[in-house]
Amino acid sequence: MATEAPPPPRDGTETDHGPASPTTEQFIEVQEGAEFGELRRTYRSFAFPLTLAFIAWYLLYVLLSNYAGGFMGTKLFGNINVALVLGLGQFLTTFLIAWLYSRHAARRLDPRADAIRTRMEGDA
């Protein structure tokens with residue numbers, strides 16, 4: 001689908017369509033700034049540990065499935081065994097991490113990112 005609107009200028013000038021996007025130099029300046037560094041640290045301090053923990057949890061499940069068949073086949077109640085409970089735990093963990101990240105982003109990341117974006121759009 002084609003549009004009739006011309007692309008925004010890249011030189012930082014304002015157009016009829018609103019404020020111009022920031023220049024490359026402005027992006028680099030913000031990226032090297034302390035506020036952006038803090039935003040990146042806040043993201044990484046949450047994402048990296050949870051990613052490593054989930055990968056370890058997943059690999060534990062895979063290794064137990066491959067090498068501890070007797071343990072994984074242990075019936076807990078009825079036809080429910082350890083493998084099924086741990087497998088469903090993988091899904092539960094995925095949704096829990098997604099919910100935790102959403103909450104973390106809304107509280108700590110989005111306000112900082114919005115402040116940076118607002119300042120950059122205001123300076124342009």
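Start by selecting the buried residues of helix α2: Gly37, Leu39, Thr42, Phe46, Ala47 and Leu64. Buried here means under 20% relative accessible area, exposed means over 50%, and partly exposed is in between, with a 1.4 Å probe and protein chains only. Keep in mind that this is a predicted model, where local features need pLDDT of at least 70, side-chain atom pairs count only at pLDDT 80 or more, and totals for chains, interfaces and linings use all residues. Residues are numbered from 1 along each chain as its sequence is written, and side-chain values use heavy atoms, with hydrogens and water left out.

Now widen the selection to the whole of α2, residues 34-67. Helices (H or I, at least four residues) and strands (E, at least two) are DSSP runs, numbered from the N terminus. From first C-alpha to last, the 34 residues of α2 reach 48 Å, close to the 50 Å expected at 1.5 Å a residue; that expected span is 1.5 Å times one less than the number of residues. Centre the view on Arg44 and look along the helix: a kink of about 25° is centred there. The bend at a residue is the angle between axes fitted to the seven residues ending there and the seven starting there.

Next stop, the charged pairs. A salt bridge is a side-chain nitrogen of Lys or Arg within 4 Å of a carboxyl oxygen of Asp or Glu, and by this rule the count comes to 5. Pick Arg119 and Glu35, whose side chains meet in one of them at 2.3 Å, N to O. Arg119 sits in helix α4 (residues 82-123) and Glu35 in helix α2, so this pair ties together parts that are 84 residues apart in sequence. Arg119 is partly exposed at 38% relative accessibility, and Glu35 is also partly exposed, at 34%.

Which residues does Glu38 bring together in a salt-bridge network? Select Arg41 to begin with: its side chain meets that of Glu38 in a salt bridge (3.2 Å, N to O). These two are 3 residues apart in helix α2, about one helical turn. An α-helix has 3.6 residues a turn, so residues three or four places apart point the same way. Arg112 belongs to helix α4 and Glu38 to helix α2, so here the pair ties together parts 74 residues apart in sequence. Shared partners join Glu38, Arg41 and Arg112 into one network. Glu38 is partly exposed at 33%, as is Arg112 at 30%.

Switch to a surface view and select Ile55, Tyr58, Leu59, Leu63 and Tyr67, a nonpolar patch with about 560 Å² of accessible area together. Patches are made of residues with over 30% relative accessible area and no salt bridge; like charges are joined within 9 Å, nonpolar side chains (Val, Leu, Ile, Met, Phe, Trp, Tyr) within 5 Å. Accessible areas come from the Shrake-Rupley method with a 1.4 Å probe, and for residues, only the protein chains shown count as cover. Tyr67 lies in α2 and is exposed, at 70%.

Leu60 is also found in α2, partly exposed at 43%. Draw a C-alpha to C-alpha distance from Leu60 to Leu86: they are 26 residues apart in sequence and 9.9 Å apart in space.

Finally, zoom out. The protein chain has 4 helices and 2 strands, in the order α-α-α-β-β-α. Of its 124 residues, 19% are buried.
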